[in-house]
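Hi everyone, thanks for coming. I'd like to walk you through a few spots in one protein chain, so let's bring it up on the screen.

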Amino acid sequence: MAGRWRSAGCLQRHLGLFTRYKINSGQARVTDFVRYSTQVEERKSFYQSEHIELQKTVKKLIDTEINPYIEEWEASGRWPAHKIMKKFGDAGLLGITKPVEYGGLGLDYKYQTAFGEAMGYVHALGVVMGVGVQTDVATPALAKFGSDYLKREFLVPSITGDVVGCLGVSEPNAGSDVAGLMTSARRQGDDLIINGQKLWITNAWSADWICLLCNTNQGPPHKNKSLVIVPMKSPGVHLTKLIDKLGMRSSDTGQIFFDEVRVPAKNIVGEEGKGFIYQMHGFQPERILLSVMGLKPSELCIQETIKYTRERKAFGKSILDNQRVHFRLAELETEVECLRSLIYRSVDLYVRGEDATKLVSMCKLKAGRLAREVTDACLQFWGGMGFTNEVLVSRWYRDLRLLSIGGGADEIMLNVICKYMGTLPMPVK
């Protein structure tokens, strides 16, 4: 496993990995309208030198393997998931928190947070979503509760980047209401026969396997569900369409039907009937990822707007010289730094093994709302140029809108926060 990180101590011993990917300054340019420095900032109050080196490695990969090709992927509605996953797998970046015995690095979630924040340098968040599903959405329950067989069959190649995974929870009539999903699996000997459908599945068209949440018995809705690993090439698995989305356009999002799909019952992750609980645990790293995904784009959006408004003249002076503009940008920058502090605090709590659900929900809520506020305000200052697809500000405006919907809508986050505050009305019996 030469050249890959195995522990925090090994980070410094494998510094050769950091020089494998050379930055070409010309490759960072996406359009003639937007240019910015993408140097990783050292936030030493939270990250240590190992975290910062990891971020530099991620940034170099982004500059050489992703950003030069973003425009092509955005236009086609697909990104080359297998090719890019393999690049990240070879660099040891797909199993940062996963067990060492299965090829992971065995590091704590602060390293994963550092990774997620650095991924914000990607010029299209659809790619970030695709990689994030592999690291923080499809694999956490498998890594924590899966059998040795499942881990070796599906987790190990996912960490190396040889296969692509996805998660199947949402359905046409069960998005936020996870307990109400209808996809089911019945027993037939040593097998499960699966019927149903899933919608809004990230990586659907690229995935080799799906971690599927489905009903496996007739019990109460919170106790009748299991997570089941289903190979996507199984007979009866049908992809119907590549969903045309407002944003995250390079991410392949699909609808999947399951028609009498047969898989071994040993593909159940952990205990049968515990799938709902496992998935609720899995939402925490997913929501941290989604929160941190918004940090760097929001920050860059402000920086790019400062550059543009400083150069753009109207009524005899730069747009930036208007007090309304520079005051508003100062307010937005302040809000971004407040969100960063909340995220870092949540991660510290999560790493210590304490219940971070309330703070993580606050992060997710704030990240989604602030991303909308930042991109909307900044786009306004770009005027007509902001309404084109020629600048990154408009893409951030479209891409970041998902943060208030995916992985738990704002209303669900508010519901969770109210529950912890003790203000949620008791259900009528």
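Predicted model: local features only at pLDDT ≥ 70, side-chain atom pairs only at ≥ 80, totals over all residues.

Let's start with glutamate 272. You'll find glutamate 272 in the loop that runs between strand S7 (253-264) and helix H9 (275-293). Its relative accessibility is 34%, so glutamate 272 counts as partly exposed. Leaving out residues up to four places away in sequence, glutamate 272 touches Arg187, Thr216 and Ser226. With arginine 187 there is a polar contact of 3.0 Å between the two side chains. Now look for asparagine 217: that residue is 55 places from glutamate 272 along the chain, yet their C-alpha atoms are separated by 8.9 Å.

Next, threonine 253, which sits in strand S7. Is threonine 253 buried or exposed? Threonine 253 is buried, because its relative accessible area is 4%. Again setting aside residues up to four places away in sequence, its contacts include Trp200, Trp205 and Leu242.

Last stop, a pair of helices. The axes of H5 (residues 109-118) and H11 (residues 323-351) come within 9 Å and cross at roughly 150°. That angle is over 145, so H5 is roughly antiparallel to H11. On the H5 side, the contact is made by Tyr109, Lys110, Thr113 and Glu117, and the H11 side includes Arg340, Tyr344 and Asp348. By class, this contact has 5 nonpolar, 1 polar and 4 charged residues.

That's my tour, and I'm happy to take questions!

How values were computed:
Residues numbered from 1 in each chain as written. Heavy atoms only, no water. Axes fitted to C-alpha atoms, helices over the stretch in contact; angles between N-to-C directions. Helix = DSSP H or I, 4+ residues; strand = E, 2+ residues; numbered from the N terminus. Parallel < 35°, antiparallel > 145°, perpendicular 65-115°, else oblique. Contact = heavy atoms within 4.5 Å. Nonpolar A, V, L, I, M, F, W, Y, C, P; charged D, E, K, R; others polar. Buried < 20%, exposed > 50% of the residue type's maximum accessible area, 1.4 Å probe, protein only. Polar contact = N/O pair within 3.5 Å; in protein donor to acceptor, adjacent residues only side chain to side chain.
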